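Hi,

Have a look at it first, and then read on.

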Amino acid sequence: KEITIEVIDNQGESTVYEIRTDAQYLRQAMEEASSKGLTFEGDETEYGLTLMSVNGVTADFNVDGAYWSIMVNGEYGMYGADSQPVTDKDEFQLVYTVFVAE
């Protein structure tokens, strides 16, 4: 599978990682992309990994409503990194997002 993982940080800066992978789920692909410089940290929960920091940028919902969202082929992801399936030609985005109450 050939996939793209794009990180969009809190400054709107984009970093793209193109990888070939046999990963079944996004987290495995992210771990493989670490050889190209992708870094991430998070909390292990009953639902899997909750991303807290990507490429050294921490999102803290409790401080300013910020979190890392996962986009899949331009759509908001329905799964976390541990359960998001990976298929050939997928384009993932890890986007620093700030929740704004309406």
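Phe61 is partly exposed, with a relative accessible area of 45%. Please keep in mind that this is a predicted model.

Which rings go with Phe61? One partner is Phe99: the two ring centres are 6.1 Å apart and the planes meet at 45 degrees, so this pair is tilted.

Through ring pairs, Phe61, Tyr67 and Phe99 are linked into a cluster.

Now to the sheet. It is an open one, made by 5 strands in the order S2-S1-S8-S6-S7, with mixed pairing. S2 and S7 stand at the edges with a single partner strand each, so one side of each has no neighbour in the sheet. Between S1 and S2 the pairing is antiparallel and runs over 7 bridges. If you want a spot to look at there, Ile3 stands opposite Ile19 in S2.

The loop between strand S1 (2-8) and strand S2 (14-20) holds Gly12. Is Gly12 buried or exposed? Its relative accessibility is 51%, so Gly12 counts as exposed, the cut-off being over 50%. For a distance to check in your viewer, the C-alpha atoms of Gly12 and Thr39 are separated by 17 Å, and these two residues are 27 apart along the chain.

Last, the surface. Which residues make the nonpolar patch of about 400 Å²? They are Tyr76, Met78 and Tyr79. Of these, Met78 lies in the loop between strand S7 (75-76) and S8, and Met78 counts as exposed because its relative accessibility is 68%.

Happy to talk any of this through once you have had the model open for a while.

Best wishes

Key:
Residues are numbered from 1 along each chain as its sequence is written. This is a predicted model: local features need pLDDT of at least 70, side-chain atom pairs count only at pLDDT 80 or more; totals for chains, interfaces and linings use all residues. Side-chain values use heavy atoms; hydrogens and water are left out. Buried means under 20% relative accessible area, exposed over 50%, partly exposed in between (1.4 Å probe, protein chains only). Rings of Phe, Tyr and Trp (its six-membered ring) pair if their centres lie within 6.5 Å; planes under 30 degrees apart count as stacked, over 60 as edge-to-face and the rest as tilted. Helices (H or I, at least four residues) and strands (E, at least two) are DSSP runs, numbered from the N terminus. Patches are made of residues with over 30% relative accessible area and no salt bridge: like charges are joined within 9 Å, nonpolar side chains (Val, Leu, Ile, Met, Phe, Trp, Tyr) within 5 Å. Accessible areas come from the Shrake-Rupley method with a 1.4 Å probe; for residues, only the protein chains shown count as cover. A salt bridge is a side-chain nitrogen of Lys or Arg within 4 Å of a carboxyl oxygen of Asp or Glu. Two strands pair if DSSP finds at least two bridges between them.
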